[in-house]
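The sequence and the structure are shown first.

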Amino acid sequence: MFPETRLRRNRYDRRIRELTAESRILTDRLVMPVFIDESLKGRKGIDSMPGIYRYGMDSIGDYARHLDELGISAILLFGIPEDKDELGSSSYDPDGVIQKSIKILKENYSGIIITDLCMCEYTSHGHCGIIRNGVIDNDSTIEAYGKIAVTYAESGADIIAPSGMMDGQVRAIRNALDTNGFQEIPIMSYSAKYASLLYGPFREAADSKPSFGDRKTHQMNPRNYREAMREIDLDVKEGADIVMVKPALFYLDVLTRARQFFDLPIAAYGVSGEYSMIANAVDKGLLQKEVIDEYIQSVFRAGADIFITYFAESYVSNVKR
Ligand SMILES: [Zn+2]
């Protein structure tokens, strides 16, 4: 109690504040999302996300080399294919945009290549799976997910990250990988992925807006957080090696609860809307640039081991400078 105890003693000196900090940002825990557009030449900016681009197949090698030189330790790939159809068949084409890109990346990038795995960028209707009678058919969709995973592993992906929120997707992918000789490839599962409005800018970036309906039949209800523990628990039992909470900022409570319940590595995904809010506010001078550090810090403090963020590239390059 006061006056013996004075908590400010640890705060007067900047060096002591540093010494007693309870959490810190480790740059090798930051993952940079990368959009690859099969029909694009060069790169194209994303209006709502200042500093973030889609890359064509001709420019992805150079960009990857740049990330490698910066020391970005992992990238998460999203593909925008030239061809889309009802069944999303370009997603498991061995010559698909991601499959071809991984081969280019392998020659230019020494970090970890994580592939997002879903069908919404590949289907003509923009849904995350195969539609039957107007709804996504869970069981045929997870079978397709298994096929996609094998082609990604064959192309050289280091980690497979299913984001479709189908029931049983981790098990289906684990089985497909194992029966094709890829027992050693980890699965990072988007376990607690919410039906959030914060994905808006991403859908512009990845060209994946559903042509009818929404994603509320598979993504989680933002009002729930006990259910998130059930989702994570099932993914662990199905063989997930890393689990994820997405988005990060509005769901830090979910992250903290997951940290208390589970011992495996937990990733958080700071989605496009989070980036857009903060980056645009900083650009306009409404917030100081250092707010980005506070934002990233909040996610690690809440319990994340790994943070997927569009700020990864700029943050790491600022630290290196
Ligand atoms: Zn999807």
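Helices and strands, as named below, are DSSP runs: a helix (H or I) has at least four residues and a strand (E) at least two, and both are numbered from the N terminus. The model is predicted.

## Overall architecture

The chain contains eleven helices and twelve strands. Its radius of gyration is 20 Å, close to the 20 Å given by the globule rule for 321 residues, so the chain is as compact as a globular protein of that length. The C-alpha trace spans about 70 × 45 × 40 Å along its principal axes.

Of the 321 residues, 46% count as buried. Among contacts in the chain with a separation of 6 or more, 74% are between residues 24 or more positions apart.

## Packing of α3 and α4

Helix α3 (residues 97-108) packs against helix α4 (residues 138-155) with the axes 8 Å apart and at an angle of about 20°. Angles under 35 degrees count as roughly parallel, and α3 is therefore roughly parallel to α4. The crossing of α3 past α4 is right-handed.

From α3, the residues Ile98, Gln99, Ile102 and Lys103 take part in the contact, and they meet Thr151, Tyr152 and Ser155 of α4. By class, this contact of α3 with α4 comprises three nonpolar, three polar and one charged residues.

## Packing of α4 and α5

Helix α4 also packs with α5: the two axes come within 8 Å and cross at roughly 45°. These two helices are therefore oblique to each other. The crossing of α4 and α5 is right-handed.

On the α4 side, the contact is formed by Ile142, Glu143, Tyr145, Gly146, Lys147, Ala149, Val150 and Ala153. Their partners in α5 are Gln169, Ala172, Ile173, Asn175, Ala176 and Leu177. The contact of α4 with α5 divides into nine nonpolar, three polar and two charged residues.

Pro162 is located in strand β8. Is this residue buried or exposed? Pro162 has 28 other C-beta atoms within 10 Å, and a residue with 20 or more counts as buried, so Pro162 is buried.

Which residues does Pro162 contact, once its neighbours within four places in sequence are left aside? They are Leu117, Tyr145, Gln169, Val170, Ile173, Ile187, Ser189 and Tyr190. Of these, Tyr145 in α4 and both Gln169 and Ile173 in α5 also take part in the contact of α4 with α5. Pro162 and Arg15 are 147 residues apart in sequence, and their C-alpha atoms are 42 Å apart in space.

## Residues with positive phi

Met165 has phi near 60°, a positive value in a residue other than glycine. Met165 belongs to the loop between β8 (159-162) and α5 (169-179). With 24 other C-beta atoms within 10 Å, Met165 is buried.

Asn133 likewise is a residue other than glycine with a positive phi, near 50°. It is placed in the loop between β6 (131-132) and β7 (135-136). Where Met165 is buried, Asn133 is exposed, because 5 other C-beta atoms lie within 10 Å of its own and the limit for an exposed residue is 12 or fewer.

## Cis peptide bonds

The peptide bond between Phe2 and Pro3 is cis, with omega about 10°.

Pro247 is in the loop between β10 (242-246) and α8 (252-261).

## Asn224 and Val254

Asn224 lies in the loop between α6 (200-206) and α7 (226-238). There are 14 C-beta neighbours inside 10 Å of Asn224, so Asn224 counts as partly exposed. From Asn224 to Val254 the separation is 30 residues in sequence and 9.1 Å in space, C-alpha to C-alpha.

Conventions:
Residues numbered from 1 in each chain as written. Predicted model: local features only at pLDDT ≥ 70, side-chain atom pairs only at ≥ 80, totals over all residues. Rg over C-alpha atoms; globule rule 2.2 N^0.38 Å. Contact = placed C-beta atoms within 7 Å. Axes fitted to C-alpha atoms, helices over the stretch in contact; angles between N-to-C directions. Parallel < 35°, antiparallel > 145°, perpendicular 65-115°, else oblique. Left-handed = near helix turned anticlockwise from the far one by under 90°. Nonpolar A, V, L, I, M, F, W, Y, C, P; charged D, E, K, R; others polar.
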